[in-house]
Amino acid sequence: MAASSDRNPPPFPTAEESEPGLCDMADADSDEGEDIFVSNSNPVSVSRGVSQPDRVSEEPSDLFSEEAASSTAAKANGVHSDDDNDLFADTNVELSTDKSSSSARKEPSGPRHASTFTPSPAAMQPTSLEQLEEEEAKDSFDVDVAVTNPEKIGDGMNAYVAYKVSTRTSLPMFRSKVFSVRRRFSDFLGLYEKLSVKQSLHGCIIPLPPEKSVVGMTKVKVGMDDPSSVEFVERRRAALERYLQRVVSHPSLLQDPDVREFLEREDWFEDKFQEVENEEQQLRKLHVVVDSLVIHRKELCGNTAVFAKSLAMLGNSEDNTALSRALSQLAEVEDKMEQLHQEQAASDFFIFAELLGDYIRLLGAVRGCFDQRMRAWQRWQEAQSTLQKKREAEAKLLWANKPDKLQQAKEEITEWEARVTQYERDFDRIGMTVRKEVLRFEKEKAKDFKSQIIKYLEAMLQSQQRLIKFWEAFLPEAKAIA
Amino acid sequence: MSIIKPSFKNTGFNKLCLSYCRLRSVSVDLNHDASLLIDIPDALCERDKVKFTVHTKTTLSSFQKPDFSVPRQHEDFIWLHDTLVETEDYAGLIIPPAPPKPDFDSPRDKMHKLGEGEATMTKEEYTKMKQELEAEYLAVFKKTVQVHEIFLQRLSSHPVLSKDRNFQIFLEYDQDLSVRRKNAKEMFGGFFKNMVKSADEVLISGVKEVDDFFEQEKTFLLDYYSKIKDSTAKAEKMTRAHKNIADDYIHISATLNSLAADDMTANKKNLEKLSDLFEKFRKVEGRVASDQDLKLTELLRYYMRDIQAAKDLLYRRARALADYENSNKALDKARLKSKDIPQAEEHQRQCLQKFDKLSESGKKELTSFKGRRVVAFRKNFIEMAELEIKHAKNSVALLQGCIELLKSN
């Protein structure tokens, strides 16, 4: 880590300093001789982002080690308005109203994170090429991303593929060292779109995500099992991974809050959906094992019956009277055991296995609700983008001075504004409903499981008690052998 | 009561070393003659080879020392058995059945499958499955030690066989027995025995029986043998199904555990308790299976082999009878031809003597065999019933406990 971790104001610009950039800016920006670097070096990050986009910054870890505590409160690119010495405290923060392709399950507050602010009046201070290259070399492979586990969510034309985006990092600005989220292709596109319009990143080479493919995706939606679909998904997965790797290797992009949010932000719905999916998977696994148990129990049943008969035959052959009797008695006990195993197998199936089967299906229904909410979000986002288009159209008409069409355009805008409001309301409402329903479902499930499990165990208990009686009845017979 | 103190050194799937001490014979208590006490206090298993430590304590002067141990392999036991079978003098005795070769195939195959399926299980599940498998290895091991021990104890408690010279060598000779084992003969002997086995049924049934006792025995033993062989096979299948259920309980417990770990709702406790129950259950079910195996399946299996040994005695006697009848015919022929009459007479006399001796000792042996069988069945049936009751009571307690916990939530 460079020397900026200590709080002393950097000296006047001399090339020896490891952070010449800072000094330069200080000179350029601050009118006072006062050092602006006493506290969190926030302003530095701002100005760097704004005034010197072509300067490769120092190791981000340097910078963010100080702001770790407040990183989650990031409102604009590293601007911290709680800082007295922040030159840009009143910087304009704008909501970006990007297309709907942003993270599907994010709360609408997602795009609240700033993406633009006014450029600083500070002039750019070009540094030597040498210094640039030096900074380049200190590259931060402190972040590793992977895109894995493509999973088809939903059915038919509404289906999509969700990928697991896993991040491994040592950077303190992230919430933990290892984490993962689920993102779909449109989320990746949305990230690109957000980054590409950001003024702060103008001039930066923004990596490109893979291209859309209607044909490819349709095939996947319809049926994912054929090799060409599998190949398509795999190509896309790999391309998305490379895309993300390029994004995080770009120091400016890595600092970008949208990027960070893309990598790590989860919300209740995201988490819950994940939980539901995991649970469904585990229940399926359990169901398989319980099925196996049922089969084995039935086998035991059959084997016991067969053995009982064989033992009865042996008893008939036996020439010692008492032993012959005992063998016949034992054969009868085994017969009764068969009956018990039979009943137990029924219990295994009708109580245990069916319970699991029911909940596997019900969890599918829960996932359906989440999908519905998702579609409501999409509708809202699409309406927003249509509204934007209408506004642009109106602006064009104004420019082209066509007053007759203008009226219609204005009407359309009003209509779409109403729609946007409506859809937003719908989305919020469905979100609340889903949340309530999920909680209700969980309560019911706990109750249901408890009562069914108790039922299952009580049946087993009865079975074991009868078993004891059978063997206790046999014991004197065995002792009577002489 | 059996006390087992195994020490495991698990060095991968292909090699399992087990060392095992102090299991007393569970089947029939044969060590009641203090003048010659034999046991197998220790055994070592490496790959397929099992090395038994045969320990002898004796007051007999025919032995060099009063207390000594030798290492022996399975093949040594087979050698001893075959030598006894081929000794003419013992033709009228039931030679205790040879112990079967130690068979670790079943647990070894399972170990392989477990290794292949490792990726699909949680670490915990895998560990438990491995534990189960190790228990299975131990059970197989226990059985094979027991069966080898019983073989020797049968010999030591037999008034005639205990004095056999080869038996003494087996117990005492502190070098490797393989030199004495004449492998070629053993192989041939085995082949001959197998060939003979299929013929003996025919021979035994074909010979005209003069003695009611043996007539009855023949009918009884032939019939009983086929029935008990059938029962043994079926009992084994039954035991195996029990083991499968115990294994299923492991998987169920592990999956429930994963579910509970990820569950953030009120259901978590339900799942945890059920997982815990199944974990305890699998141990109970495992014990039920292995106890049933020892007390029932192994009992039937042992007496199946014993009855085969009794049948072998009948066969030898039938052969002696056939020899005697042939010698009569030869004598008649000699008399007709007036040639070699004294030899024919001598031969006939010898055959009769042999036959009478066999019949006499055979009757004694078969009668005591009956008694022995009845005693063994009684003992094992009682023990099995008691164990079943014990395990079921244990299960009842576990179930009641779990139900209580669930209801109280």
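**View 1. Chain A as a whole, with 50% of its 482 residues buried.** Keep in mind that what you're looking at is a predicted model. Chain A is built with twelve helices and three strands. Take the contacts in chain A with a separation of 6 or more: 73% of them come from residues 24 or more positions apart.

**View 2. Helices H5 and H7 of chain A, where their axes come within 12 Å.** Here we zoom in on H5(A), residues 185–197, and H7(A), residues 227–249, whose axes cross at roughly 30 degrees. Angles under 35 degrees count as roughly parallel, so that's what H5(A) is to H7(A). Their crossing is left-handed.

**View 3. The residues that join H5(A) and H7(A).** From H5(A), look for Phe185(A), Phe188(A), Leu191(A) and Tyr192(A). H7(A) brings Arg236(A), Leu240(A), Tyr243(A) and Leu244(A) to the contact. Sort these residues by type and you get seven nonpolar, one charged and no polar.

**View 4. Helix H4 of chain B, largely enclosed by the rest of the structure.** Now over to chain B, where H4(B) spans residues 165–172. Seven of its eight residues are buried, which is why the helix counts as largely enclosed. The buried ones are Asn166(B), Phe167(B), Gln168(B), Ile169(B), Phe170(B), Leu171(B) and Glu172(B).

**View 5. What packs around H4(B).**

Key:
Residues are numbered from 1 along each chain as its sequence is written. Chains are lettered from A and ligands numbered from 1 in the order in which they are written. This is a predicted model: local features need pLDDT of at least 70, side-chain atom pairs count only at pLDDT 80 or more; totals for chains, interfaces and linings use all residues. Side-chain values use heavy atoms; hydrogens and water are left out. Axes are lines fitted to C-alpha atoms, for helices over the stretch in contact, and angles run from 0 to 180 degrees between N-to-C directions. Helices (H or I, at least four residues) and strands (E, at least two) are DSSP runs, numbered from the N terminus. Angles under 35 degrees count as roughly parallel, over 145 as roughly antiparallel, 65 to 115 as roughly perpendicular and the rest as oblique. A crossing is left-handed if the near helix is turned anticlockwise from the far one by less than a right angle, and right-handed if clockwise. Contact means heavy atoms within 4.5 Å. Ala, Val, Leu, Ile, Met, Phe, Trp, Tyr, Cys and Pro count as nonpolar, Asp, Glu, Lys and Arg as charged, and the others, Gly among them, as polar. Buried means under 20% relative accessible area, exposed over 50%, partly exposed in between (1.4 Å probe, protein chains only).
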